[in-house]
Amino acid sequence: MKLSVKLGLWIFICILLIETVSMIFLHNNVVRSRIDQELNSLKARGNSHRDVLEMAFNDSTLQHIRLMEAHTDTFVVVANSAGEVLLTSKEINEGMKKILDQSSSQLPRQGVILQSEWKEEAYIATVTPYETGTDKGSVYMFRDTENVKAFVSQLNRHFMLASIWILSFMFITIFLLTKVLTRPLIIMKEATRKLSKGDFSVSVPVQSHDELGELAQSIQTLANDLNYMKQERNDFLASISHELRTPLTYIKGYADIARRTNIRPQERTHYLQIIGEESERVNRLLEELFSLARIDQNEFLITKERVQLFPFLHSIYERVLPAFLTKNIELQLDSDQDIFVDIDPSRFGQVLSNILDNALKYSNEGTTTTIRAIKRDRNVVISIQDQGIGIPEEDIPYVFERLYRVEKSRARITGGFGLGLAIAKQLVEIHGGSLSVKSKPGAGTVFTIVLKES
Ligand SMILES: Nc1ncnc2c1ncn2[C@@H]1O[C@H](COP(=O)(O)OP(=O)(O)OP(=O)(O)O)[C@@H](O)[C@H]1O
Ligand SMILES: [Mg+2]
C-alpha cells in the first residue's frame, strides 16, 4: 500500500473516531438537557397551579386552571386523596391513566417526575401534592412527547448534515495533507533509486528545516560526494594509464631498436639499460599505488610507540644529509630535546623522507633546508622549510592529490610520480595528525605536520 494512502487512512480513522465519539456525546447532552428543561418547566407549572389551589380551593379556581391549560401543549389533572378526578383539561386516555395509577401518597412538596421516558411513552409527566384545610390531593401535569420527538429528529438531521460537511472537509484536508507530507519522501525515494543505479547527478530540494529537510540534505550531500568520488576515480584512472603509457612507449621503442641486427653492442647495452630503468620506474609506480590502496582500505596497520623526537629526527637527518651535501644544499635540524610523540617510526620516517625528498628535488644549489620541531599548546609541530622554487598558488590545493605534479614535463628529470605527498598526507592522517603546506614561488616552501604530544 502506498505511504500516502496508508497515512491518509490512519488520519481518517483517528479523526472519524474522535468525531463520532464527540458527536454522540454532544447529541446525548443536548437531548438530555432539553428533556430536563421540559420536565422542570412542567413541574414548575404544576407547582404554580398547586399554589393557586391552596390559596382558594373552589370551582372557579379549578375552572380558571382548566382555562389556562386549554390552549397549551400541556394537560392538567387534579385529583383528591380518594383518587377522584376533580379537574381535567383533556380527556383522560389510556396513556395518562397508566401514569395516574402509579402515583404514591408520600410526595415531596416540590413535586416529582412521574414519567421521563420520552422515547417509549406518549407523555412525560410530573405530580405535585396540594393540601387545603379540608382535603389533600395531587396536581398531575402531562406533556405530549411528540414535540420532543420532533425536536430530536430535527436535531438528528442537523447532526447528520454537520457530519457530512465535516467528512467531506476532512477528505479534502487529508488528501492535500498527505500529498504535502509524502511529496518530499517520494522525491527522495526517486533520488536514492537513481543513486543506486549509478546516476549521481540527482538534485533533492531542501524545502523545510525539519527532519525531512535534514534527510534531503543528507541525500544531496551523499549524491555530491559520490559524484565527486566518481569523477576523482575517473581522473585517477586516466592519470595512471597516462603514467604507464609513457614508460611502456619507451620500453617498446628501445626494445625495437635493440632488436635490430645492425647496431653496435655498446648501443644495444645502452638501450637495454634504458629498458631496465623504465621497467624499474613502472615497478616503483605500481608499488606506490599499491601501498596507497592499502592505506585506503585501512589494511595498513600502524604500530605506534612512544618516541623521543630529537633522536628520531636526527637519524633521518643523517640518512638524507649526504644527498643534500652532494647537491650543495645546507640541511639544518633544530628541535627541542624533551618532545615525545606516539608514532610508527618506519611509517613516519617515510612521511619525512617524502617531504625532504621534495625539498631536495625542488631546491637549487646554495640554499638551506631546515627541519624544526617545537611544542605548541598540547601539540607538536614539525616543519620542513626549503628555499626552493616554491609552488604556484593555483597548484597548492592539489599537491596532495594522487599523481598531481606542478610541472608534468619535469617529471622525467625529477623522476617523480606525484604520489609522495599523497602518501605522506594519508600516513600523517592515520597517525591522527595533519599535514599542510605554505609556499611562495621563488622563495620556498614549508610543510607543517601537527601531531598530539605524547
Ligand atoms: N618542496 C617543494 N617545492 C616545490 N614544489 C614542490 C615541493 N614539494 C612538492 N612540490 C610540488 O608538488 C608536486 C607533488 O609532490 P609529490 O611529492 O606528491 O610528487 P613528486 O615529488 O612529483 O613525485 P613522487 O614524490 O611521487 O616521487 C611535485 O610534483 C611538485 O611540483
Ligand atoms: Mg615527492
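The buried residues of helix 10 (residues 420-430) are Leu421, Ala422, Ile423, Ala424, Gln426, Leu427 and Val428, where buried means under 20% relative accessible area, exposed over 50% and partly exposed in between, as computed with a 1.4 Å probe on protein chains only. These values belong to a predicted model, in which local features need pLDDT of at least 70, side-chain atom pairs count only at pLDDT 80 or more, and totals for chains, interfaces and linings use all residues. Residues are numbered from 1 along each chain as its sequence is written, chains are lettered from A and ligands numbered from 1 in the order in which they are written, and side-chain values use heavy atoms, with hydrogens and water left out.

Helices (H or I, at least four residues) and strands (E, at least two) are DSSP runs numbered from the N terminus. The buried residues of helix 10 pack against helix 6 (265-296), helix 8 (345-361), strand 11 (434-440) and strand 12 (444-452), contact being defined as heavy atoms within 4.5 Å. Just after helix 10, Gly432 takes a positive phi of about 80°.

The domain assignment, whose bounds come from an automatic or database source, gives domain 1 (3-151), domain 2 (211-296) and domain 3 (305-452). The C-alpha centres of domain 1 and domain 3 lie 105 Å apart.

Five strands form an open sheet in the order 2-1-5-4-3, with antiparallel pairing; two strands are taken to pair if DSSP finds at least two bridges between them. The edges are formed by strand 2 (85-88) and strand 3 (112-115), each of which pairs on one side only. Neighbouring strands of this sheet are turned by 25° against each other on average, direction ignored. Strand 1 (residues 74-80) and strand 5 (residues 136-144) run antiparallel and are joined by seven bridges, and the partner of Asn80 in strand 5 is Gly137. Helix 1 (residues 3-55) packs on the sheet, touching strand 1, strand 3, strand 4 (123-131) and strand 5, and its direction makes about 25° with that of strand 4; axes are lines fitted to C-alpha atoms, for helices over the stretch in contact, and angles run from 0 to 180 degrees between N-to-C directions.

A further set of pairings involves strand 9 (residues 368-376), which runs parallel to strand 7 (residues 330-335) and is joined to strand 7 by six bridges; here Leu333 has Ile371 of strand 9 as its bridge partner. Strand 9 is also joined by seven bridges to strand 10 (residues 379-386), the two running antiparallel, and Thr370 is partnered by Gln385 in strand 10. The hairpin of strand 9 and strand 10 has two residues between the strands, and Asp377 takes a positive phi near 50° there. At 73% relative accessibility, Asp377 counts as exposed. Asn328, in the loop between helix 7 (309-326) and strand 7, likewise has a positive phi, near 60°, and is partly exposed, with a relative accessible area of 47%. Most residues other than glycine have a negative phi.

An unreviewed UniProt entry places the feature "transmembrane region" at residues 7-26 and 159-178; UniProt positions are given in the numbering used here, feature names are shortened, and annotations may be inferred rather than shown by experiment. In the model, residues 7-26 are 100% helix and 0% strand, with end C-alpha atoms 28 Å apart, while residues 159-178 are 100% helix and 0% strand, with end C-alpha atoms 27 Å apart. The UniProt annotation "domain: HAMP", from the unreviewed entry, covers residues 179-231, a span that is 74% helix and 0% strand and whose end C-alpha atoms lie 36 Å apart.
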